[in-house]
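Here is a short briefing on one protein model. Please keep the sequence and the 3D view open while you read.

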Amino acid sequence: MLVGLIGTGAVVETAYLPAISRLSLPELSCYGFDPDPERRLEGVTACDSLDALLALPLDVVMITTPSLLHLPVLQAVLKSDIAQIVVEKPVAATLEQLAELETMLADPQIASRVLALDHWMVRTDATQFINSVAEIARIDGFLQEPSSFNDAGEPIALNFATGEADTRQLRHPDGVIVDIGTHVLAMIRETLHRLGGNDELTLALVHARDRLGNSIQPGDVSTAEGDAALRGTVGGIPVTLTLNKYAGPAGGQKGMKIYLRDGRVVNVDRRGTDEVVEVLNTRSSRQHKIAGPLYDRCLGEIIFGAERMFASRPGDIPALTQRRIAEVRTLLALQQELRGKH
């Protein structure tokens, strides 16, 4: 399998390539293009231009550029004959881009080629303990990322894969509402989808603050949100989302609590590199653990494995991409309410 990577920055270096290496796929070769000619990664054969990359007989292209470039790069890739195109979250970064994307995807031949990817969408293991959505009373989703401090005592983010200080300076629109809210929504919605739930989604903003804990002001279209709380319904079920890029040394909680009507709680969380699902009630508890980094599962199950979606479930791809689009649209609309139309 020949894989084309468009954008070879942090997510490719710290997540994609290590996962591909651990999956031990001997027939897989990676080629890449990045606008920064100095960016070269071991294990990726660099191409001098996007045209040169797309001229190769690629089996799959993965768009891993900064979010604002996802749509223009996708438009360029769609001019090629490549049939399998994967776009990293968020599939687009503005409401205008989403509208343009949906116009493109109205063509079934295009929709069948585009898979919007969020690696948290494989986190549906709670469904083994739940029979139907009717059993669920409410869901609390959370992503509390651990953080450190700089010499001035200010909070700084840590790289999710390495734990080292993240030197990137996040700017709007890549604050927590879209950057990590997409993860939590993808996990919740795919879980409910497996249980037969519908695609209804409504969210309202409870609060949003910047890295230093200051409120985001109307008209501010540059400062990224550092933490936010959202409340609404998914498939008619009440949900809350707690998102924090700067949760301090005690952070690291990444999952959801599903409260069932019979009093049980299904707790899904990442502990180290493992997925842990616990079923708790007043008398007992059960635990199910899935070992291994989440990117390994995502790339193995969705993109590269024998049961990958393009091979085993191609008919499901347009609807899955539309679910990711709906989530991004809802989150971007909240940013518009927070900052003013922009």
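Predicted model: local features only at pLDDT ≥ 70, side-chain atom pairs only at ≥ 80, totals over all residues.

Residues are numbered from 1 along each chain as its sequence is written, and side-chain values use heavy atoms, without hydrogens or water.

**The sheet**

- Eight strands form an open, mixed sheet in the order β10-β11-β12-β7-β13-β14-β15-β16.
- Strands β10 (201–209) and β16 (285–290) are the edges; each has a single partner strand, so one side of each lacks a neighbour in the sheet.
- Neighbouring strands are turned by 15° against each other on average, direction ignored.
- Helices (H or I, at least four residues) and strands (E, at least two) are DSSP runs, numbered from the N terminus.
- Two strands pair if DSSP finds at least two bridges between them.

**Strand pairings**

- Strand β7 (residues 136–144) is mostly covered, with seven of its nine residues buried (under 20% relative accessible area, 1.4 Å probe, protein chains only).
- β7 runs antiparallel to β13, joined by eight bridges.
- Arg 138 has Tyr 259 of β13 as its bridge partner.
- β7 runs parallel to β12 (residues 237–244), joined by six bridges.
- Gln 144 is bridged to Asn 244 in β12.
- β13 (residues 253–260) and β14 (residues 265–271) are antiparallel and share four bridges.
- Tyr 259 stands opposite Val 265 in β14.

**Helix packing**

- Axes are lines fitted to C-alpha atoms, for helices over the stretch in contact; angles run from 0 to 180 degrees between N-to-C directions.
- Helix α10 (residues 317–339) lies across β10 and β11 (227–234), at about 45° to β10.
- Helices α1 (residues 10–23) and α8 (residues 294–304) pack at about 70°, with axes 9 Å apart.
- α1 is therefore roughly perpendicular to α8 (65 to 115 degrees).
- Their contact (heavy atoms within 4.5 Å) includes Val 11, Ala 15 and Tyr 16 of α1 and Leu 299 and Phe 304 of α8.
- By class, the contact of α1 with α8 has nine nonpolar, one polar and two charged residues.
- Nonpolar covers Ala, Val, Leu, Ile, Met, Phe, Trp, Tyr, Cys and Pro; charged covers Asp, Glu, Lys and Arg; the others, Gly among them, are polar.
- Helix α7 (residues 181–194) packs with α10 at about 135°, with axes 10 Å apart.
- Among the residues that meet there are Leu 185 and Arg 189 in α7 and Leu 320 and Glu 327 in α10.
- The contact of α7 with α10 divides into six nonpolar, three polar and five charged residues.

Notes: Parallel < 35°, antiparallel > 145°, perpendicular 65-115°, else oblique. Buried < 20%, exposed > 50% of the residue type's maximum accessible area, 1.4 Å probe, protein only.
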